[in-house]
Amino acid sequence: MDNIIFRVFICIVLLIQPHVTFYIPGVAPLDFAKNEEVEVKAVKMTSTKTQLPYDYYDVAVHCKPSNGTKYKSENLGEILRGDRIVNTKYKVAMDVNVQCQTLCHDINLSKEQSAVLGKRIRNNYYVHLLVDNLPCATKFQNVDTHEILYEHGYRLGMHTKQSDETFINNHLVIKLFYHKESDEAYRVVGFEVEPKSIDSKRIAIKPDGTCTIENGQAMQKIDPKEENKLSMTYEVEWAYSETRWASRWDTYLAMTDVQIHWFSIVNSVIVVFFLAGILSMIIVKTLRRDIARYNQEDSDDVTEETGWKLVHGDVFRPPRRKNVLAALVGSGIQIFLMSFIVIAFAALGMLSPSSRGALVTAACFLYVFMGLVAGFYSGRIYKTIKGSHWKRTAALTATLYPAVVFSIGFFLNFFIWGKRSSGAVPFSTMLAILVMWLGISFPLVCLGFYFGYRKQPYEQPVRTNQIPRQVPEQQWFLHPVLSTLMAGVLPFGAMFIELFFIFSAIWENQYYYLFGFLFLVFIIIIISCSQISIVITYFQLCGEDYHWWWRSFIASGGSAFYVFAYSIFYFFTKLDITEFVPTMLYFGYTFLICFTFWILTGTIGFIASYIFVRKIYAAVKIE
């Protein structure tokens with residue numbers, strides 16, 4: 001036992017190394033020569049208050065380059081994230097310091113432009129820049145612990161509630177760090193920005209584009225109701241760093257909440273492991289006693305049948321809405337395979353944050369191509385439960401889950417379009433997603449369903465009676481709602497700590513990188529959902545209720561209810577969302593997350609229960 005615990009501990013330690021970064025082929029370091037141009041690009045502006053990203057040039061103070069804007073060709077993941085990577089007017093050369101340089105001189109903002117700028121600042125928007133695929137960060141110090149921390153991007157400005165004044169950060173101190181692998185090869189390994197608000201009257205612009213800043217405290221005020229005039233300036237500072245190129249993301253991955261306690265996560269995992277082990281021992285011991293007793297009764301041929309053996313003639317009776325059940329199980333298999341492969345590759349470091357949008361892109365394409373496997377098993381299960389309308393069910397399997405996701409996503413996208421946010425999915429991208437769904441995923445699911453339906457159904461260990469047996473009144477704890485709520489506790493307990501980090505990554509613009517832990521949690525969710533579904537099914541059959549098909553799916557998906565409840569708690573305690581559209585986006589996307597999780601966990605529980613029921617009825621002698 002001690003040896004097993006030691007091995008588990010070693011596996012956990014190997015999985016949770018957060019600072020070991022592995023780069024896939026193709027993501028190679030870029031070497032610069034001294035004085036060589038280093039391009040500064042903009043990604044977007046984001047806010048945790050509105051959850052609506054905007055293009056960098058949405059505000060007029062970000063003046064465009066003289067040679068025009070050039071947007072980077074982006075992958076599917078970047079587009080769905082709302083990234084719009086574009087060139088900027090900043091002029092930066094490798095290891096060349098710039099004291100003060102003019103970006104834009106005497107910008108005249110109209111009342112409309114001032115109102116937009118003021119609104120963005122009041123909504124606490126951050127600007128995100130890129131240098132050599134490295135995002136900028138702002139350094140600050142924790143007031144209580146005096147620990148140096150970093151936050152993503154830099155603030156567009158600040159708004160004081162007491163005086164109701166708005167100030168813009170119109171001067172940037174760009175601090176870049178390089179590491180030298182050789183005398184001639186420079187590599188960018190750090191990118192910090194220190195934003196400042198300086199009254200334009202303190203800035204003296206020279207004819208050659210340089211500038212000087214007078215001493216003082218006056219800041220650049222913006223009146224959202226009037227026209228405004230200001231200048232945008234910047235300076236560049238280079239410094240040598242001992243950080244190597246392969247470790248340059250460590251600063252960003254350490255930005256997470258300082259109250260992360262690794263002990264809490266490991267403790268949660270170990271507790272769930274022990275609970276699952278105890279549950280397994282109890283069930284196995286009880287089943288062995290039941291099977292021995294039932295087989296003894298058959299040899300004596302005296303005692304009347306009792307317990308779960310009594311319903312052997314009805315336990316494999318096909319359920320109602322068998323086409324919907326087969327479609328949900330097929331969708332769950334598709335989601336499971338996609339999730340497992342993505343998390344496994346991410347845990348190996350092949351989908352690191354440096355590969356922008358790679359995680360979402362890989363998930364989309366994997367989901368599409370896993371349709372062949374999902375259709376096959378959905379078709380075979382449908383034939384096993386004596387389904388006859390295989391064409392209709394194949395189409396339902398291919399469209400049920402994607403139709404729900406696409407419909408809600410399309411509906412929410414209208415509101416994002418209305419806000420003119422860069423988070424709105426372009427019409428061309430929506431057409432591309434439709435083509436992937438209807439042109440690739442749909443045919444693959446139908447093809448797999450056809451071959452699965454043609455195969456022999458899974459052989460049942462007992463025959464089904466022609467006349468269904470009457471189900472007696474059940475115990476109070478076997479009520480569907482109560483059993484579902486009880487079944488969801490253990491899987492949710494295994495993941496709720498990890499859920500905090502996932503929600504922070506989605507809604508608070510944090511980087512999520514704990515894929516080793518996530519993989520471990522995913523394995524525990526599989527184990528706990530399987531076990532809890534088996535327990536619910538066992539007690540149900542002992543109560544002579546043979547309608548276990550749907551119950552096993554719904555009960556094991558009960559943890560999705562707790563995830564949604566946690567999302568409501570997270571919304572009111574961690575987020576500062578007040579407007580209608582961001583609130584609707586939050587709960588709309590959260591519903592999709594919970595719906596996906598319900599199908600995933602429900603499928604795991606259904607398959608576990610089906611295997612369990614076949615095993616126990618094959619182990620007893622039925623005359």
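Helices here are DSSP runs of at least four residues and strands are runs of at least two, numbered from the N terminus. With that settled, let's work through this predicted model.

**Exercise 1. How many helices and strands are in the protein, and what share of its residues count as buried?**

Solution. Start with the secondary structure: the protein has 16 helices and 16 strands. Next, turn to burial: 50% of the 623 residues count as buried. Finally, take contacts between residues at least 6 apart in sequence: 80% of them join residues at least 24 apart.

**Exercise 2. Classify the ring pair of Tyr 54 and Tyr 125, and say where each residue lies.**

Solution. A pair of aromatic rings is described by the distance of the centres and the angle of the planes. By the pairing rule, the count comes to 53 aromatic pairs. For Tyr 54 and Tyr 125, the centres are 5.7 Å apart and the planes stand at 65 degrees, so this pair is edge-to-face. Now place them on the chain: Tyr 54 is in the loop between strand E1 (40-46) and helix H2 (76-81), while Tyr 125 is in the loop between helix H3 (111-122) and strand E4 (126-131). The pair links distant parts of the chain, 71 residues apart. To judge burial, use the cut-off of under 20% relative accessible area. Tyr 54 has 4% relative accessibility, so Tyr 54 counts as buried. Tyr 125 has 2%, so Tyr 125 is buried too.

**Exercise 3. Is the ring pair of Phe 336 and Phe 522 stacked or edge-to-face?**

Solution. The centres are 5.8 Å apart and the planes are at 25 degrees; planes under 30 degrees apart count as stacked, so this pair is stacked. Phe 336 belongs to helix H6 (residues 322-347) and Phe 522 to helix H13 (residues 515-542), so the pair ties together parts 186 residues apart in sequence.

**Exercise 4. Which residues form one aromatic cluster, and which charged side chains sit over tyrosine rings?**

Solution. Find the cluster first: its members are Phe 492, Phe 496, Phe 500, Phe 501, Phe 503, Phe 561, Tyr 562, Tyr 566, Phe 569 and Tyr 570. Then look for charges over rings. The charged end of Arg 380 sits over the ring of Tyr 458, 4.2 Å from its centre. Lys 383 lies over the face of Tyr 453, and here the distance to the ring centre is 5.6 Å.

Definitions and conventions:
Residues are numbered from 1 along each chain as its sequence is written. This is a predicted model: local features need pLDDT of at least 70, side-chain atom pairs count only at pLDDT 80 or more; totals for chains, interfaces and linings use all residues. Side-chain values use heavy atoms; hydrogens and water are left out. Buried means under 20% relative accessible area, exposed over 50%, partly exposed in between (1.4 Å probe, protein chains only). Contact means heavy atoms within 4.5 Å. Rings of Phe, Tyr and Trp (its six-membered ring) pair if their centres lie within 6.5 Å; planes under 30 degrees apart count as stacked, over 60 as edge-to-face and the rest as tilted. A charge sits over a ring if NZ of Lys or CZ of Arg is within 6 Å of the ring centre and within 35 degrees of the ring normal.
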